[in-house]
Amino acid sequence: MALAVEGLACIRGERQLFCDLTFRLAAGEALLLHGPNGSGKSSLLRLLAGFLPPAAGRVLWDAAPVTDDADAHRDRLHYLGHQDAVKSQLSAEDNLTFWAQLYGLPVAEAGQAVTSALSAAGLQRQRRLPGRYLSAGQKRRLALARLLLKPASLWLLDEPTNALDTAAVAWLGELLGNHRAHGGLVILASHVAVPLADARQLNLPEGRLA
């Protein structure tokens, strides 16, 4: 299991964010994206998720272009962007139930998966609370709890530590470590330190690997 990027370029509007980007990640590896605002970190994550077309180059999974089977690529990844995507009128439980159904979990499995995810995120007491009453940190933990609803080989996370306190950041580190221990891949953009041991670093826009 491996993700490879070959000669990738991204243009937004009339501005080129990066070009000739090349790297490869094998099972269990992680990549941290660094760079100033506007350097292309979020755009790269969206390119890898298949939400944006590259201006040049290609993304490969196990040596096959991900565009050959876009549905399979979507099934193998979790993408978490800047927005928490928490519906304000739905309870924390119903928010996760919506995602469980979107992921295609059978009804018999969805309830237990949602309960387990809420417990892991420390949101059992808030399970009936509408999203509009959750704090920023609770909303972020609820968004991260979606990672636990279905298995996915590739995690693409954009500033996942936003609004998290120290304990929640430590919990995120455990999630990332467990995912990698089971062969999962992580690509993560962050302006702050993230507990991601032995991660490689990619500095944008120059595309320099460290």
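## Close-up views of a predicted model

View 1. Asn203 has Arg208 in E10 as its bridge partner. This is a predicted model, in which local features need pLDDT of at least 70, side-chain atom pairs count only at pLDDT 80 or more, and totals for chains, interfaces and linings use all residues. Residues are numbered from 1 along each chain as its sequence is written, and side-chain values use heavy atoms, with hydrogens and water left out. Helices (H or I, at least four residues) and strands (E, at least two) are DSSP runs, numbered from the N terminus. Strand E9 (residues 200-203) runs antiparallel to E10, and two bridges join them. Two strands count as paired if DSSP finds at least two bridges between them. For background, most residues other than glycine have a negative phi, and most peptide bonds are trans.

View 2. Axes are lines fitted to C-alpha atoms, for helices over the stretch in contact, and angles run from 0 to 180 degrees between N-to-C directions.

**View 3. Two residues with positive phi.** Look for Asp20 in strand E2: its phi is near 50 degrees, a positive value in a residue other than glycine. Glu159, in the loop between E7 and H6, also has a phi near 50 degrees, positive in a residue other than glycine. Is each of them buried or exposed? Asp20 is exposed, at 59% relative accessible area, whereas Glu159 is buried, at 5%. The cut-offs are under 20% relative accessible area for buried and over 50% for exposed, with partly exposed in between (1.4 Å probe, protein chains only).

**View 4. H3 crossing H4.** The axes of helix H3 (residues 92-102) and helix H4 (residues 107-120) come within 9 Å and cross at roughly 130 degrees. That makes H3 oblique to H4; angles under 35 degrees count as roughly parallel, over 145 as roughly antiparallel, 65 to 115 as roughly perpendicular and the rest as oblique. On the H3 side the contact uses Ala92, Glu93, Leu96, Thr97 and Ala100, and on the H4 side Ala110, Val114, Ala117 and Leu118. By class, these residues divide into seven nonpolar, one polar and one charged. Ala, Val, Leu, Ile, Met, Phe, Trp, Tyr, Cys and Pro count as nonpolar, Asp, Glu, Lys and Arg as charged, and the others, Gly among them, as polar.

**View 5. Leu105, between H3 and H4.** Leu105 sits in the loop between H3 and H4 and is buried, with a relative accessible area of 16%. What does Leu105 touch, not counting residues up to four places away in sequence? Its contacts are Ala100, Ala110, Ala113, Leu149 and Lys150. Leu105 and Lys150 are 45 residues apart in sequence, yet 7.9 Å apart in space, C-alpha to C-alpha.

**View 6. H5 alongside H6.** Helix H5 (residues 136-145) and helix H6 (residues 166-181) have axes that come within 11 Å and cross at roughly 10 degrees. That makes H5 roughly parallel to H6. Arg141, Leu144 and Ala145 of H5 meet Ala168, Trp171 and Leu172 of H6. Gln138, also in helix H5, counts as buried at 15% relative accessibility.

Definitions and conventions
Contact = heavy atoms within 4.5 Å.
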